[in-house]
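Work through the exercises below with the sequence and the 3D structure at hand. Try each task before reading its solution.

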Amino acid sequence: MLELYPSENERKRNSFDAKNLKLALQALRKDGFVILHEVISTNHIESLRERMLADVDSILTLDDVPFQFNDGHLQQDPPPFPPYLFRDVLLNDFVVQITRATLGEGVKNTMYSGNTCLPNETQQPLHVDHGQLWPGLKTATPAFSIVANVPIVDMTPENGSTEIWPGTHLDTTRSHDEKDIKIAPEDEARRRAVVGPLQPNVPAGGVIIRDMRVWHRGMPNYTDTPRPMIAMVHFVRWWHTNKSLLFPIGTEAFFKDSPLTTITKFVEEPIDYISRNRKYDYQGSKL
Ligand SMILES: O=C(O)CCC(=O)C(=O)O
Ligand SMILES: [Fe+2]
């Protein structure tokens with residue numbers, strides 16, 4: 001598992017030097033993920049934390065709570081308006097340096113949502129967020145979509161750090177057009193015998209950059225505080241998207257100065273970021 005801490009010089013330039021960039025790209029290719037530490041201001045995370053933890057309560061009072069697979073795992077959007085729009089979250093230069101080098105010019109962000117692991121003792125079924133574009137090849141294609149996960153609290157195995165299965169993005173059996181993204185128990189057992197999973201420790205201020213094909217799942221949270229985690233999905237330029245991310249009119253300039261294109265639509269009306277998400281593959285609370 002590769003974990004990078006930007007040096008003072010890298011921090012000044014807001015980018016990794018050639019050596020660290022190479023390490024990050026290698027890890028992303030080989031393991032399917034890389035962890036960056038101390039790349040987001042903790043003040044920004046604290047401000048998001050206060051709002052997002054308050055929003056959890058509102059989401060839980062909805063008639064249709066957007067549970068993902070089972071109770072305890074929520075889809076939760078971060079507030080998509082000032083004062084909660086932060087460059088080091090939405091356009092993080094270290095993250096964009098890595099996803100741009102992997103996905104190429106024109107890399108675009110198509111998602112600004114997240115996963116909240118509530119205090120709960122269930123785990124999600126093991127799944128991919130995206131299967132292979134060309135399944136069944138001898139060798140998997142390069143990455144075409146990468147998620148940047150930003151934990152909003154210190155994330156540990158105790159409070160539900162995502163379980164990650166290193167190297168599984170190179171398994172070519174899963175197809176992008178399969179309805180069911182879950183991994184069969186026999187495939188899980190077979191892989192476990194080769195390389196087992198891990199749950200990283202990622203203090204607030206860090207980011208997990210993960211190939212969307214990597215097998216993973218939400219885990220139990222044994223603490224009494226929810227664990228929100230923002231998710232942004234970067235795609236290659238040629239990926240078709242028909243949904244734009246809504247932000248308020250007046251925030252256009254924020255998105256301009258970055259090699260990352262954010263697929264945006266700027267709107268006048270209030271953005272309903274609390275109740276627009278839906279349940280996904282809901283299987284009830286007892287798996
Ligand atoms: O919350 C997590 O740690 C992961 C959630 C997840 O993978 C999902 O809902 O697709
Ligand atoms: Fe997932």
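The model is predicted: local features need pLDDT of at least 70, side-chain atom pairs count only at pLDDT 80 or more, and totals for chains, interfaces and linings use all residues. Residues are numbered from 1 along each chain as its sequence is written, chains are lettered from A and ligands numbered from 1 in the order in which they are written, and side-chain values use heavy atoms, with hydrogens and water left out.

**Exercise 1.** Describe how helix α2 packs with helix α5.

Step 1. Locate the helices, which are DSSP runs of H or I with at least four residues, numbered from the N terminus: α2 covers residues 18–30 and α5 covers residues 93–103.

Step 2. Their axes, lines fitted to C-alpha atoms over the stretch in contact, are 10 Å apart. The angle, on a scale from 0 to 180 degrees between N-to-C directions, is about 60 degrees.

Step 3. List the contact (heavy atoms within 4.5 Å): L21, A24, L25 and L28 of α2 meet Q97, I98, A101 and T102 of α5.

**Exercise 2.** Which residues are around ligand 1?

Step 1. With a heavy atom within 4 Å as the criterion, they are Q68, N115, Q124, H127, D129, T162, H216, G218, R227 and M229.

Step 2. Check side-chain N or O atoms against oxygen atoms of ligand 1: R227 gives 2.8 Å and N115 gives 3.2 Å.

**Exercise 3.** Where does P83 lie, and what is its peptide bond from P82?

Step 1. P83 lies in the loop between β3 (73–75), a strand (E, at least two residues), and α4 (87–90).

Step 2. The bond from P82 to P83 is cis, with omega near 5 degrees. Most peptide bonds are trans.

Technical notes
Polar contact = N/O pair within 3.5 Å; in protein donor to acceptor, adjacent residues only side chain to side chain.
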